[in-house]
Amino acid sequence: MRIPFNKPYMTGKELTYIKKAHENGVLAGDGPFTKKCHTWLETKTGTSKALLTHSCTAALEMSAILANIEPGDEIIMPSYTFVSTANAFVLRGGVPVFVDIREDTLNIDEKLIEAAITKKTKAIIVVHYAGISCEMDTILKIANTNGLILIEDAAQGLMSEYKGRQLGSIGHLGCYSFHETKNVISGEGGALLINKSKFSDRADIIRDKGTNRKNYLKGKVDKYTWCDFGSSYLPGELISAFLYAQIEKADHILKSRMNIWNFYHRNFESLEKINLITRPFVPDTCKHNAHMYYILLNTRKQRDDFIVKAKKENIDCVFHYVPLHDSSAGVRFSRNGSSLSITEDIAARIVRLPLWIGLENKQNIVLEKLCYLLEKIK
């Protein structure tokens, strides 16, 4: 039997809530289930405002508009991230400026950010890799000192914490993903957290095609009209209904994933001690969400051979990402703000292991096979 890298989890109420949404007579955006999701996110994170979007990419694109990114503006970010982190700002004419990551957390190296700031810098984007937080106090201080907007790409960070604060709620804006590979899912989906009230009203307009439709629905204006940049960033109510069923079980999902993550972590300790692999590092200031379990092998060849051999054992392991500065679009649209040697090294050696609810019933056999393969590495 094949062990997939990911297997979307169903709580059991998704289809019931989708049917209920139909019975409510609202299938377009911002119906009752969307509002319930907003309330949960705001309560859970402490943000001043949460808005569901049809993807994390959409939330990032909204962030770029809210940050008033214009052609030539520079945005500091890691190269070790998904393409949407950069593309959302390139669409506005922005120039990603890539700085290297830390060797321990694989997050942007906060010590390299200030040197990359120029007169053209408008924003900093941090990416909380594997649900483990960046060094947010330091980065937030840099942003505030230099008058920059700090945006959290917390696509992998729902229910992770930094010094007791939820990821996504610490910067000026935060972005979540509910893609099927994430912990809490809706197939596709995302959310924008607005942590500065000055962005609130404009975010409503941008999200609803650049119109003041929300004020019209509230009876504040007698008709709605085109007011600003915008697009159709709302998810349909069926997506929100599915998501709410997941949100209701978010604590259960977190606990189950943590059990699997901890199982991997305990059992790989012996291999780390003999320098076969490196395990994930979680700083004391962070509480992660078990979004991902990865290991680092010592060379690219070892990594590639391991993935091939695991597949022959019917276990799907993958790597993640091709650094953006190495891509053809990255060369065209961005520049490097530091050496990216650690990014390139990590990208060549990382392996992500299967992690999904239900895997706990098969984890002993999976671990046995993976350890056997790792011990044979040369």
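Biologist: Let me start with the term: a salt bridge is a side-chain nitrogen of Lys or Arg within 4 Å of a carboxyl oxygen of Asp or Glu. How many salt bridges does the structure hold?

Modeller: There are 19 salt bridges. Keep in mind as we chat that this is a predicted model.

Biologist: Okay, pick one. What does arginine 335 meet in a salt bridge?

Modeller: Its partner is glutamate 74, and the N to O distance is 3.1 Å. The two sit in distant parts of the chain, 261 residues apart: arginine 335 belongs to strand β12 (residues 335–336) and glutamate 74 to strand β2 (residues 74–78).

Biologist: Is arginine 335 buried or partly exposed? And glutamate 74?

Modeller: Arginine 335 is partly exposed, at 30% relative accessibility. Glutamate 74 has a relative accessible area of 7%, and because buried means under 20%, glutamate 74 counts as buried.

Biologist: Nice. What does arginine 2 form a salt bridge with?

Modeller: With aspartate 316, where the closest N and O atoms are 2.6 Å apart. Arginine 2 comes in the segment before α1 (14–24), while aspartate 316 is in the loop between α12 (300–312) and α13 (328–333), so this pair ties together parts 314 residues apart in sequence. Arginine 2 itself is partly exposed, with a relative accessible area of 38%.

Biologist: And which residue does arginine 165 meet?

Modeller: That would be aspartate 137, again in a salt bridge, at 2.6 Å from N to O.

Biologist: You mentioned β7. Which sheet is it in?

Modeller: An open sheet of three strands, in the order β7-β6-β10, with antiparallel pairing. β7 and β10 (286–287) are the edge strands with a single partner each, so one side of each has no neighbour in the sheet. Strand β6 (residues 161–162) pairs with β7 over two bridges, and glutamate 161 has glutamine 166 as its bridge partner in β7.

Biologist: Switching to β1. Why is strand β1 described as largely enclosed?

Modeller: Because five of the five residues of β1 (residues 49–53) are buried. Both faces are covered, with Lys49, Leu51 and Thr53 on one side and Ala50 and Leu52 on the other.

Biologist: Which strand do the bridges join β1 to?

Modeller: Strand β9 (residues 190–194), which runs antiparallel to β1 and is joined to it by five bridges. Threonine 53, for example, stands opposite glycine 190.

Biologist: What about the nonpolar core, how many residues has the largest one?

Modeller: It has 76 residues, and Ile124, Phe268, Phe306 and Leu353 have the most contacts inside it. Helix α10 (residues 250–267) gives the largest share, eight residues. Leaving out neighbours within four places in sequence, isoleucine 124 is in contact with several residues, including Ile76, Ile113 and Leu150. There is also a second, separate core of 32 residues, with Ile65, Phe89, Ala123 and Leu192 among them.

Biologist: Last topic, rings. How many aromatic pairs does the count come to?

Modeller: The count is 11. In one of the pairs, tyrosine 17 and phenylalanine 33 have ring centres 5.3 Å apart and planes at 35 degrees, so the pair is tilted. Tyrosine 17 lies in helix α1 and phenylalanine 33 in helix α2 (residues 32–45). Both are buried, tyrosine 17 at 14% relative accessibility and phenylalanine 33 at 3%.

Biologist: How are tyrosine 264 and phenylalanine 268 arranged, stacked or edge-to-face?

Modeller: They are stacked, with 5.8 Å centre to centre and 10 degrees between the planes. Both tyrosine 264 and phenylalanine 268 are buried.

Biologist: And which ring does the charged end of arginine 303 sit over?

Modeller: The ring of phenylalanine 319, at 4.4 Å from its centre. Arginine 92 likewise lies over the face of phenylalanine 229, 4.7 Å from the ring centre.

Notes. Residues are numbered from 1 along each chain as its sequence is written. This is a predicted model: local features need pLDDT of at least 70, side-chain atom pairs count only at pLDDT 80 or more; totals for chains, interfaces and linings use all residues. Side-chain values use heavy atoms; hydrogens and water are left out. Helices (H or I, at least four residues) and strands (E, at least two) are DSSP runs, numbered from the N terminus. Buried means under 20% relative accessible area, exposed over 50%, partly exposed in between (1.4 Å probe, protein chains only). Two strands pair if DSSP finds at least two bridges between them. A nonpolar core is a set of buried Ala, Val, Leu, Ile, Met, Phe, Trp, Tyr and Cys residues joined through side-chain atoms within 4.5 Å. Contact means heavy atoms within 4.5 Å. Rings of Phe, Tyr and Trp (its six-membered ring) pair if their centres lie within 6.5 Å; planes under 30 degrees apart count as stacked, over 60 as edge-to-face and the rest as tilted. A charge sits over a ring if NZ of Lys or CZ of Arg is within 6 Å of the ring centre and within 35 degrees of the ring normal.
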